[in-house]
Amino acid sequence: MNYIFLAFLGLLLVIFQTTLSNLLFSGEMVLEMSLIVVIHAGFRHDLLKGCLISFIIGVFLDCFMGSVSGLFALFYIVTFFMTKYFSRNIYAERAAFLMVYISFCVLLAGVTVTAFYKFAYDVDKFHHLWDVFFPQTVLLALLGPLLLKLLCKIEVMPNGGNTRSVQRSAIG
């Protein structure tokens, strides 16, 4: 897939999730569907493509969220590498595992962001772990396995739904 097209899709995803969050939650909570895409990239893509997807989405999220430049980009790359490691060592097709893993990643994102603001700006936002990040964690944990299956189906659409590689027959 063309990397410029991936960047465009990353931008569309961040715009969609930001708009959806503003419509549903008045901007109080963001459903980070982009984190699900990063987790999907860790399970399904090679190192270069997955890192690029994670970085691009992280940069766009940094721009749209108004956070410190590079915070989400760094966190998404770390999440990609963590997922890549787990994908090699654990059978991650079960919905229960995916729900727990997504919950862990979302809570880790919340703790990372609040800790960064505490240490960098001395702004205490840890009270948002319960009223913002916990509901976000529950929603994404419930939606995560479905979104990951949807991403797998979307990914094979250009191949006509065939997940096997094309093999040339011997011409004799």
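In which helix is the place of Ile39? Ile39 sits in helix α2. The model discussed here is predicted. Its protein chain has 6 helices and 0 strands, in the order α-α-α-α-α-α along the sequence.

**Overall fold**

- The protein chain has 172 residues, of which 38% count as buried.
- Among contacts in the chain with a separation of 6 or more, 67% are between residues 24 or more positions apart.
- The chain exposes about 10,500 Å², and carbon and sulfur atoms supply 68% of that area.
- In the whole structure, 1 salt bridge is found.

**Nonpolar core**

- The largest nonpolar core has 30 residues. Those with the most contacts inside this core are Leu35, Ile39, Ile57, Tyr76, Ile102, Cys105 and Leu140.
- Each of α1 (3–25), α2, α3 (47–65), α4, α5 and α6 supplies at least two residues of this core.
- As background, nonpolar side chains tend to be buried together in soluble globular proteins.

- Leaving out residues up to four places away in sequence, Ile39 touches Thr79, Thr83, Tyr101, Ile102 and Cys105.
- Of these partners, Ile102 and Cys105 are listed with Ile39 among the residues with the most contacts inside the largest core.
- Tyr101 lies 62 residues from Ile39 along the chain, and the C-alpha atoms of the two are separated by 9.2 Å.

**Helix α5**

- Helix α5 covers residues 95–121, which is 27 residues. From first C-alpha to last it reaches 38 Å, close to the 39 Å expected at 1.5 Å a residue.
- The buried residues of α5 are Leu98, Tyr101, Ile102, Ser103, Cys105, Val106, Ala109, Gly110, Val113, Thr114 and Ala115.
- An α-helix has 3.6 residues a turn, so residues three or four places apart point the same way.
- Packing partners of the buried residues of α5 are α2 (33–44), α4 (71–89) and α6 (128–156).

**Asp122 and the end of α5**

- Asp122 follows α5 and is found in the loop between α5 and α6.
- The phi of Asp122 is positive, near 55°, in a residue other than glycine. Most residues other than glycine have a negative phi.
- Asp122 counts as exposed because its relative accessibility, 58%, is over 50%.
- The side chain of Asp122 meets that of Lys118 in a salt bridge, at 3.3 Å from N to O. Side chains of opposite charge can pair when their charged atoms come close.
- Lys118 counts as partly exposed, at 29% relative accessibility.

**Helix α1**

- Helix α1 has 23 residues and reaches 32 Å from its first C-alpha to its last, close to the 33 Å expected at 1.5 Å a residue.
- Leu6, Gly10, Leu13, Val14, Gln17, Thr18 and Ser21 are buried in α1.
- These buried residues of α1 pack against α2 and α3.
- Just after α1, Ser26 takes a positive phi of about 50°.

**Ser54 and Ile77, between α3 and α4**

- Ser54 belongs to helix α3, and Ile77 to helix α4.
- Ser54 is buried, with a relative accessible area of 0%.
- The side chain of Ser54 reaches the backbone oxygen of Gly50 at 2.8 Å.
- With residues up to four places away in sequence not counted, Ser54 touches Val38, Tyr76, Ile77 and Phe80.
- Ile77 is at 22% relative accessibility, so this residue counts as partly exposed; buried would require under 20%.
- The C-alpha atoms of Ile77 and Cys51 are separated by 6.1 Å, with the two residues 26 apart along the chain.

Terms used: Residues numbered from 1 in each chain as written. Predicted model: local features only at pLDDT ≥ 70, side-chain atom pairs only at ≥ 80, totals over all residues. Heavy atoms only, no water. Helix = DSSP H or I, 4+ residues; strand = E, 2+ residues; numbered from the N terminus. Expected span 1.5 Å × (residues − 1). Buried < 20%, exposed > 50% of the residue type's maximum accessible area, 1.4 Å probe, protein only. Contact = heavy atoms within 4.5 Å. Core = buried A, V, L, I, M, F, W, Y, C linked by side-chain atoms within 4.5 Å. Polar contact = N/O pair within 3.5 Å; in protein donor to acceptor, adjacent residues only side chain to side chain. Areas by Shrake-Rupley, 256 points an atom, 1.4 Å probe, with all protein chains shown as cover. Salt bridge = Lys/Arg side-chain N within 4 Å of Asp/Glu carboxyl O.
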